[in-house]
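Here are a few friendly notes to read alongside the model. Please keep the structure open and look up each residue as it comes.

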Amino acid sequence: DLALSKQFSLRERFRAETRVEALNVFNSKNFINLNSTYGEGSTPLASFLTPLAGVSNSDPSRQLQFVVHLLF
């Protein structure tokens, strides 16, 4: 995760802080579910323990978040 922030003076008593956060920058795949079907017999299927596709089976990839805080 990476973050950058900077404060700006707006008035005598007011400041603004801007912040940009980058999550999962290197886009590592975070799989939640794996195929757990072993198959029949003593030899497993080729798909045994492979990641399941789909949005509901993995965590999100790269994300950016922008924040502005007003301080007074």
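1. Let us begin with Y38, which is partly exposed because its relative accessibility is 35%; buried means under 20% relative accessible area, exposed over 50%, and partly exposed in between (1.4 Å probe, protein chains only). This is a predicted model, where local features need pLDDT of at least 70 and side-chain atom pairs count only at pLDDT 80 or more, while totals for chains, interfaces and linings use all residues. Residues are numbered from 1 along each chain as its sequence is written, and side-chain values use heavy atoms, with hydrogens and water left out.

2. Which ring does Y38 pair with? The rings of Y38 and F48 have centres 5.2 Å apart and planes at 80°, so this pair is edge-to-face. The rule covers rings of Phe, Tyr and Trp (its six-membered ring): they pair if their centres lie within 6.5 Å, and planes under 30 degrees apart count as stacked, over 60 as edge-to-face and the rest as tilted. Y38 and F48 both sit in the loop between β2 and β3, 10 residues apart. F48 is partly exposed, at 26% relative accessible area.

3. By this rule there are 2 aromatic pairs. F14 and F72 also pair: their ring centres are 6.2 Å apart with planes at 45°, so the pair is tilted. Strands here (E, at least two residues) are DSSP runs, as are helices (H or I, at least four), numbered from the N terminus. F14 is partly exposed at 41% relative accessibility, whereas F72 is exposed at 79%.

4. Now look at the strands. An open sheet is formed by 3 strands in the order β1-β2-β3, with antiparallel pairing; two strands pair if DSSP finds at least two bridges between them. β1 and β3 are at the edges with a single partner strand each, so one side of each has no neighbour in the sheet. Between β1 and β2 there are 8 bridges, and S9 has R15 in β2 as its bridge partner.

5. Is N35 buried or exposed? N35, in the loop between β2 and β3, is buried at 15% relative accessible area. Its side chain makes a polar contact (N or O atoms within 3.5 Å; within protein, one must be able to donate a hydrogen and the other to accept it, and residues adjacent in sequence count only if both atoms are side-chain atoms) with the side chain of S47, at 3.1 Å. Beyond neighbours within four places in sequence, N35 is in contact (heavy atoms within 4.5 Å) with residues including S47, F48 and L52.
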